[in-house]
Amino acid sequence: MKPSGPGRLHAATGPGAGANTVPGAVEPGQARRILIIANPTAGGFNARTLEEIAEKLRTGGHHVHIQLTRRAGEIGATCAGPTLKADVVVIAGGDGSINEAITGFGERADPPALAVVPFGTANVLAQELKLPFKPARIAEMILADRRKPLHYGLANGHPFVLMASAGVDAQVVHAIPLDLKRRFGKLAYVLTALKIAFSGRKGSDIEVLTQGETIRCRLAVITNGKCYGGPFVICPEAAVTEPGLHLVALRRDDIAASLWAGIALALGRIHKARNVITRPVSHAEIRSSAPVAAQIDGDPFGMTPLVVEAVQNTVPIIVPRP
Ligand SMILES: Nc1ncnc2c1ncn2[C@@H]1O[C@H](COP(=O)(O)OP(=O)(O)OP(=O)(O)O)[C@@H](O)[C@H]1O
C-alpha cells in the first residue's frame, strides 16, 4: 500500500551535517544507530512526520535509517534478524506493529531500546505511556533517551504488550473490515460491535482457571497495562512498565450488560462494576466448550483455548519525561 500521509519519504543514513544545536545532541563518539521501522498501512501514517523526526535526530548527531515495511511480518523479522545493528529501534505504527517488534526482540538476549512514533488506529501503548504525538516532541524524547523496562506477557507462547482476551471484544477485532477501520478509525470498532450485538449473537461461556480458582464469565481480558481501547482505564493497578498481569472478566455480555460495561469503562470505573471480576494473575488458562474468538494487542489471535502467563523478560522502552 502506498504511504497515505503527505510528504516524500527517503531512507537515509549518517549523522546530520548541521551543528548539534538541539537539546540532547551528542559528540560524534556517542552517536547512536537509530532504525525507524514504519508501517505505511497503519492508521494516521504520515511520511512528513517521520522525515521531521529523522532530521532532528540527525541534527542531534545520530545515524538514522528509515525502513518502510512492505508486508505484515517484516517488523518482526527485522527485529529478530541477525543483521539488525541498531542501538534504538523506533516503531512508527500502532499496537500490532509494536507487538511484532516485541515478538522479534523476544528472540534476542540483549534487545536494543524501543521507541514509538504513535501512528495506528487506537495505539493504546501510546496512551499508556503518555507518549507525545508531535514530531518535535517525539524527537526530543528519543534524544533524551530516558528508558524504562517494558514488561509483556505470553499467550500460547506469543508475546503481548497490552492485553490478551477472549469474548465479544475479540469477536469485534476478528470481524472489523480493514477498509472500515481505515475510513472511520476507532468509530469502526463501535459500528462493528453494534452490528454484532444486534445480530442475535449468542456467545459462549468461558472459564478462566487461575491460581486454583475457576472463574466463569463471558469475556476474559488479561491485561498487562491500565488502558484499554484507547485512553480508557480498565485496571488502575496495572502498568506496562511494572511486572504483573491482571484478569478483568465480565460475568454477562448481553446488550444491557455490555452497554453498562462500556459506560463504566468510559468513566474509568469498570474495575468497580458489579458485573466485573478482577484478579492479579501470573498464569491463567482460558477455555470454553465452544471455540471463542481471541485477540492480542488488538489483532486477531485465533480461538480459545488460551494459556496466558507472565514472564520475567523486559525490553527497554524510551519514555517521555514525567
Ligand atoms: N506493509 C505492511 N502491509 C500490510 N500490513 C502490515 C505492513 N506492515 C505492518 N503490517 C501489519 O499491520 C498490522 C496493523 O498495523 P498497526 O497495528 O501498526 O496499525 P493499526 O491497525 O492502524 O493500529 P492499532 O493496532 O493501534 O489499532 C500489524 O499487525 C502489522 O503486522
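Two residues are said to be in contact when their C-beta atoms, placed from the backbone, lie within 7 Å. By that rule Phe119, leaving out residues up to four places away in sequence, touches Ala42, Gly43, Gly44, Phe45, Ala92, Gly93 and Gly94. The structure is a predicted model, in which local features need pLDDT of at least 70 and side-chain atom pairs count only at pLDDT 80 or more, while totals for chains, interfaces and linings use all residues. Residues are numbered from 1 along each chain as its sequence is written.

Phe119 has its place in the loop between E4 and H4; such helices (H or I, at least four residues) and strands (E, at least two) are DSSP runs, numbered from the N terminus. A residue is called buried if 20 or more other C-beta atoms lie within 10 Å of its own, exposed if 12 or fewer do, and partly exposed in between, with the C-beta atoms placed from the backbone. Phe119 is buried because 26 other C-beta atoms lie within 10 Å. Pro118, whose place is in strand E4, counts as buried because it has 23 C-beta neighbours inside 10 Å. Apart from neighbours within four places in sequence, Pro118 is in contact with Asn123, Ala126, Leu131 and Phe133.

## The surroundings of the ligand

A residue is taken as near a molecule or strand if its C-beta atom, placed from the backbone, lies within 6 Å of it. There are 23 residues around the ligand, and those that come nearest are Gly93, Gly94, Gly96, Ser97 and Gly120. The elements giving two or more residues to this shell are helix H2 (74–80) and helix H3 (95–105), and H3 provides the largest share, four residues.

For sorting residues by kind, Ala, Val, Leu, Ile, Met, Phe, Trp, Tyr, Cys and Pro count as nonpolar, Asp, Glu, Lys and Arg as charged, and the others, Gly among them, as polar. The shell around the ligand then divides into five nonpolar, 12 polar and six charged residues.

The protein chain is divided into domain 1 (28–145) and domain 2 (158–311), with bounds that come from an automatic or database domain assignment. Their centres, taken over C-alpha atoms, are separated by 27 Å. The contact between them takes 14 residues from domain 1 and 21 residues from domain 2.

On the side of domain 1 that touches domain 2, the elements that give two or more residues are H3 and helix H4 (124–128), and H3 gives the most, with six residues. The residues of that side divide into five nonpolar, seven polar and two charged.

Which helix has 11 of its 11 residues buried? That helix is H3, which is described as mostly covered, and its buried residues include Asp95, Gly96, Ser97 and Ile98.

In helix H5 (residues 135–144), the buried residues are Ile138, Ala139, Glu140, Met141, Ile142 and Leu143. What covers these buried residues of H5 includes helix H1 (47–59), strand E3 (88–93), strand E4 (113–118) and E18. H5 is followed by Asp145, whose phi is positive, near 55°.

## Strands and sheets

Two strands pair if DSSP finds at least two bridges between them. An open sheet of six strands, with antiparallel pairing, has the order E14-E13-E10-E7-E16-E17. Strand E14 (276–281) and strand E17 (299–303) stand at its edges, each with a single partner strand, so one side of each is left without a neighbour in the sheet. Neighbouring strands of this sheet are turned by 20° against each other on average, direction ignored. Strand E16 (residues 293–296) pairs with E17 in the antiparallel sense over three bridges, and Ala293 has Met303 as its bridge partner in E17. Helix H6 (residues 168–175) lies across strand E7 (163–166), strand E10 (219–223), E16 and E17, running at about 80° to E16; axes here are lines fitted to C-alpha atoms, for helices over the stretch in contact, and angles run from 0 to 180 degrees between N-to-C directions.

In a regular strand the side chains alternate between the two faces of the sheet. Strand E15 (residues 283–288) has a covered face, made of Ala284, Ile286 and Ser288, and an uncovered one, made of His283, Glu285 and Arg287. E15 runs antiparallel to strand E8 (residues 206–210), to which four bridges join it, and Ile206 stands opposite Ser288 in E15. Four bridges also join E15 to strand E18 (residues 306–318), again antiparallel, where His283 stands opposite Glu309.
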